[in-house]
Amino acid sequence: VEATLVGMSEDHGRRQATTEDEEDTSPIPKEQLEAAHDALIREARNGLEQAKNDVVEFIASHWDHNEIRELPALLHSIRGGLAMIPLSKAAELLRCCANYVQDVLLDGKSIPDWQQLDTLADAITSIEYYLERLAEGSIDNDPILEVAEQSVEALGYPLGKEPVQRPQAADETALADQPLPSNVAPDTS
């Protein structure tokens, strides 16, 4: 019994030493990694706020594509940062959003209906809220990403798959007759 206890103690000591050695061999201190992680999440949230503003300006300008021309690149940039830390699911959801913007909003042939724009906003806002909760230290955030996943699927860009269909867009003249949503000011310039 005594020999077994000594053996167990030695095994525990070796495992603990190995773990400590692994931590010590990291070229970057844990505090710096955490600070970088936090900074990246903060910048991603700022970028998503800009993305939402771009969509609002697109609507307010009565579909001026110049307002969202850089949006796919912005979303891909945020996606790349999230993939590095790794928040893979959030990153892939942003890829779906960027592809939707590129394929549907910037195709120049059609204008999406209000429901599609609301759905895109739901996806972006859900990802932003997910990042906010992570920054606050919350650990049960998967249901938030499920909202974003449902949104991109509703747009025809399901997570991890090729787009299933190009969403039907509204006729530009039909949208011109619709009032702007109450949270969007018309462009008076």
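For the element count I took helices as DSSP runs of H or I with at least four residues, and strands as runs of E with at least two. This is a predicted model, so everything below is computed from it.

**Fold.** By that count I get seven helices and zero strands in the protein chain. Reading from the N terminus, I wrote the order down as α-α-α-α-α-α-α.

**Contacts.** I looked at contacts between residues at least 6 apart in sequence, and 68% of them join residues at least 24 apart.

**Surface and burial.** I have about 11,400 Å² of accessible surface for the protein chain, with 49% of that belonging to carbon and sulfur atoms. The chain has 189 residues, and 34% of them are buried.

**Cysteines.** How many disulfides are there? I count zero. My cut-off was a pair of cysteine sulfur atoms within 2.5 Å. I checked C96, which is in no disulfide: its nearest cysteine sulfur belongs to C97 and lies 7.0 Å away.

Are C96 and C97 buried or exposed? Buried means under 20% relative accessible area. C96 has 2% relative accessibility, so I put it down as buried. C97 comes out at 0%, so it goes down as buried too.

Definitions and conventions
Residues numbered from 1 in each chain as written. Predicted model: local features only at pLDDT ≥ 70, side-chain atom pairs only at ≥ 80, totals over all residues. Heavy atoms only, no water. Buried < 20%, exposed > 50% of the residue type's maximum accessible area, 1.4 Å probe, protein only. Contact = heavy atoms within 4.5 Å. Areas by Shrake-Rupley, 256 points an atom, 1.4 Å probe, with all protein chains shown as cover.
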